[in-house]
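Please read the following note with the sequence and the model at hand. The points may be checked one by one.

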Amino acid sequence: MFFKPGSKVKFSSYFWEEKFTIIIFYKTVKNENSLKILTVSDVVEPTLGQPSGKRQFEGIDLIISCGDLPPEYLSSLIDSIKAPLYYVGGNHDIRYKDKPPQGGLNLHGRLIPFEGINILGLEGSHWYNGGPYQYTEVQMRSIIRRLGPKLWWRGGIDVVVTHAPPRHIHDAEDHCHRGFECYHRLIKKYQPHYFIHGHIHRTFDDPADRVTVVGKTKVVNTYGYNILEIENSRNAESIGEHSTPGR
Ligand SMILES: [Fe+2]
């Protein structure tokens, strides 16, 4: 018999006529001072949320989507993993306009505090054919500039969530997959612990290949899925270990 976290289980007794209900609580194995974040993008992972993979996803505090994923899939992750979802749209997420992921929070252009960390989201890709969720370098720079006062007031950024990567980091030379130059300025100025993106389809034999370190920032391609831990203190000098399931 399997019990879900927080599920109510009824026990009945042949000896006592009364029935009573208890709630099963999970004790998850993770650092009390850290947040465990599942990040996803670009491709549906059938194993996520399945009973066979349940143990791996115990204790997830937050799900972050970096885009190009069906809204139904993201909503199903909320139900199966039982964690809130923050997301940005990718260049293929045109359905989000009419049907956003139910129960999720759109991060685009917003700095959202979560359990002691500040998370900034920026949707979309570099402009290539005029479709939705596409931005020129000037447009994206303008979005970031308008956020300046809020970033200063809130004391900076811990995690940046984007669909596209920074220029020349994990990106490609075609217009669609070209990264944004202005993301470099964002990294240099605010030095977030993590800069998480999708959009660049790659498989990773070595989990370390997902990561490029820029100063104090780990730029991570989350294509598929990835799990990371971060200290949930705004004053933390360092972050928790980065762990990546192979794909
Ligand atoms: Fe994309």
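**Note on the predicted model**

1. Asp 61 is in contact with Leu 35, Lys 36, Ile 37, Ala 83 and Glu 115, if neighbours within four places in sequence are set aside. Two residues are in contact when their C-beta atoms, placed from the backbone, lie within 7 Å. Asp 61 sits in the loop between strand 3 and strand 4. Its C-alpha is 9.2 Å from that of Ile 81, although the two residues are 20 places apart in sequence. Asp 61 counts as partly exposed because it has 18 C-beta neighbours inside 10 Å. A residue is buried with 20 or more other C-beta atoms within 10 Å of its own, exposed with 12 or fewer, and partly exposed in between.

2. The model is predicted; local features need pLDDT of at least 70 and side-chain atom pairs count only at pLDDT 80 or more, while totals for chains, interfaces and linings use all residues. Residues are numbered from 1 along each chain as its sequence is written. The pLDDT is the predictor's confidence in each residue, from 0 to 100. Its mean over the protein chain is 84, and 79% of the residues reach 70 or more. Over residues 235-247 the pLDDT is below 50. It also stays under 50 over residues 1-29, a stretch with 20 contacts beyond four places in sequence in the model.

3. The protein chain has three helices and 16 strands. These are DSSP runs numbered from the N terminus: helices are H or I with at least four residues, and strands are E with at least two. Of the 247 residues of the chain, 36% count as buried.

4. Which residues of helix 1 (residues 71-81) are buried? They are Pro 71, Leu 74, Leu 77 and Ile 81. These residues lie on the same side of helix 1 because they cover an arc of only 120° around the axis; the arc is that of the directions from the helix axis to the C-beta atoms. Glu 72 and Asp 79, on the other side of helix 1, are exposed. The cover over the buried residues includes strand 3 (34-41), strand 4 (62-65), strand 5 (85-87) and strand 6 (104-106). Lys 82, which follows helix 1, has a positive phi near 60°.

5. The largest nonpolar core has 43 residues, and Ile 63, Ile 64, Tyr 86, Val 159, Val 161 and Ile 196 have the most contacts inside it. Helix 3 (residues 182-190) gives the most to this core, with five residues. Such a core is a set of buried Ala, Val, Leu, Ile, Met, Phe, Trp, Tyr and Cys residues joined through C-beta atoms within 7 Å. Beyond four places in sequence, Ile 196 touches Thr 39, Ile 64, Cys 66, Val 159, Val 161, Val 220 and Thr 222.

6. An open sheet of six strands has the order 7-8-11-12-14-13, with mixed pairing. Two strands pair if DSSP finds at least two bridges between them. Strand 7 (110-114) and strand 13 are the edge strands, each pairing on one side only. Strand 8 (residues 117-122) and strand 11 (residues 159-162) run parallel and are joined by four bridges; Ile 119 has Val 159 of strand 11 as its bridge partner.

7. Strand 13 (residues 211-214) runs antiparallel to strand 14 (residues 217-221), with four bridges between them. The two strands form a hairpin with two residues between them, and Gly 215 in the turn has a positive phi of about 60°.
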